[in-house]
Amino acid sequence: RKLYRGLRISRVVEVVRSERTRLLNRAFNARYFLADLEAAYDGLVELESARNQVQVSGHEVGLRHIYRRLVPMRQWRSEYPEGFFAFDLHRLLQSGETHSSDGRRLHLAPARTAPNNLAVLDSSGREVQLGLIAFRRD
């Protein structure tokens, strides 16, 4: 989503290489990322429960809402864009970490409307559309 001036192939290759390096060289801990997802999810479910005055558990929440909760300020989103968030979801799926500290299991599913989905690579490397997240006891 960035605009780079110039038509030289070497410049395009340089920009793509630097973005790829920036993405792959970021530190990642699957357990910490899962804990952050769980905390953001619990906060959103708690707000929804208070708003509707009904206790909701295991309710599905949009991944974009989770992303906005994790990165609330716009200027921070330039340093951690949605693409990085989707890549971290891919890393989480690859790691096999699916159970939170309290024993609930992570569930990811596509949203009904396509614009609400994020393109994420699954553990086998195929692109899947994911838009909803839930933590449920199995």
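**Entry 1: the sheet**

I began with the strands and found three of them forming an open sheet in the order β1-β5-β2, with antiparallel pairing. I took two strands as paired if DSSP finds at least two bridges between them, and I took helices (H or I, at least four residues) and strands (E, at least two) as DSSP runs, numbered from the N terminus. β1 (61–62) and β2 (105–109) stand at the edges with a single partner strand each, so one side of each is left without a neighbour in the sheet.

I then looked up the pairings themselves. β1 and β5 (residues 132–136) pair in the antiparallel sense over two bridges, and within this pairing I noted that the bridge partner of Gly62 in β5 is Leu132. Helix α2 (residues 30–52) packs on the sheet, where it touches β1, β2 and β5, and its direction makes about 95° with that of β5. For contact I used heavy atoms within 4.5 Å; axes are lines fitted to C-alpha atoms, for helices over the stretch in contact, and angles run from 0 to 180 degrees between N-to-C directions. β2 and β5 run antiparallel and are joined by five bridges, and the partner of Arg105 in β5 is Arg136.

**Entry 2: what I am looking at**

I note that this is a predicted model, in which local features need pLDDT of at least 70 and side-chain atom pairs count only at pLDDT 80 or more, while totals for chains, interfaces and linings use all residues. Residues are numbered from 1 along each chain as its sequence is written, and side-chain values use heavy atoms, with hydrogens and water left out.

**Entry 3: the whole chain**

I counted five helices and five strands in the protein, and along the sequence they follow the pattern α-α-β-α-α-α-β-β-β-β. The C-alpha atoms fill a box of roughly 60 × 30 × 25 Å, taken along the principal axes. Of the 138 residues, 33% are buried, where buried means under 20% relative accessible area, exposed over 50% and partly exposed in between (1.4 Å probe, protein chains only). Among contacts between residues at least 6 apart in sequence, 65% join residues at least 24 apart.

Leaving aside neighbours within four places in sequence, I found Asp88 in contact with Arg26, Phe28, Phe33 and Tyr80.

I next searched for ring pairs, counting rings of Phe, Tyr and Trp (its six-membered ring) as paired if their centres lie within 6.5 Å, with planes under 30 degrees apart as stacked, over 60 as edge-to-face and the rest as tilted. The count by this rule comes to six aromatic pairs. Tyr80 and Phe84 have ring centres 6.5 Å apart and planes at 70°, so this pair is edge-to-face, and both residues are buried. Ring pairs link Phe28, Phe33, Tyr67, Tyr80, Phe84 and Phe85 into a cluster.

**Entry 4: helices against α5**

Helix α1 (residues 9–24) packs with α5 at an angle of about 50°, their axes being 11 Å apart. The two are therefore oblique to each other, on a scale where angles under 35 degrees count as roughly parallel, over 145 as roughly antiparallel, 65 to 115 as roughly perpendicular and the rest as oblique. The contact is made by Arg22, Leu23 and Leu24 of α1 and by Phe84, Phe87 and Arg91 of α5.

The axes of α3 and α5 come within 11 Å and cross at roughly 110°, and α3 and α5 are therefore roughly perpendicular to each other. On the α3 side I listed Leu63, Arg64, Ile66, Tyr67 and Leu70, and on the α5 side Glu82, Phe85 and Leu89, as the residues that make the contact.

**Entry 5: Arg64**

Arg64 lies in helix α3 (residues 63–70). Which residues does Arg64 contact, leaving aside its neighbours within four places in sequence? I found Glu82, Pro115, Asn116, Asn117 and Leu118. I also looked up Arg64 and Leu108, which are 44 residues apart in sequence and 13 Å apart in space, C-alpha to C-alpha.
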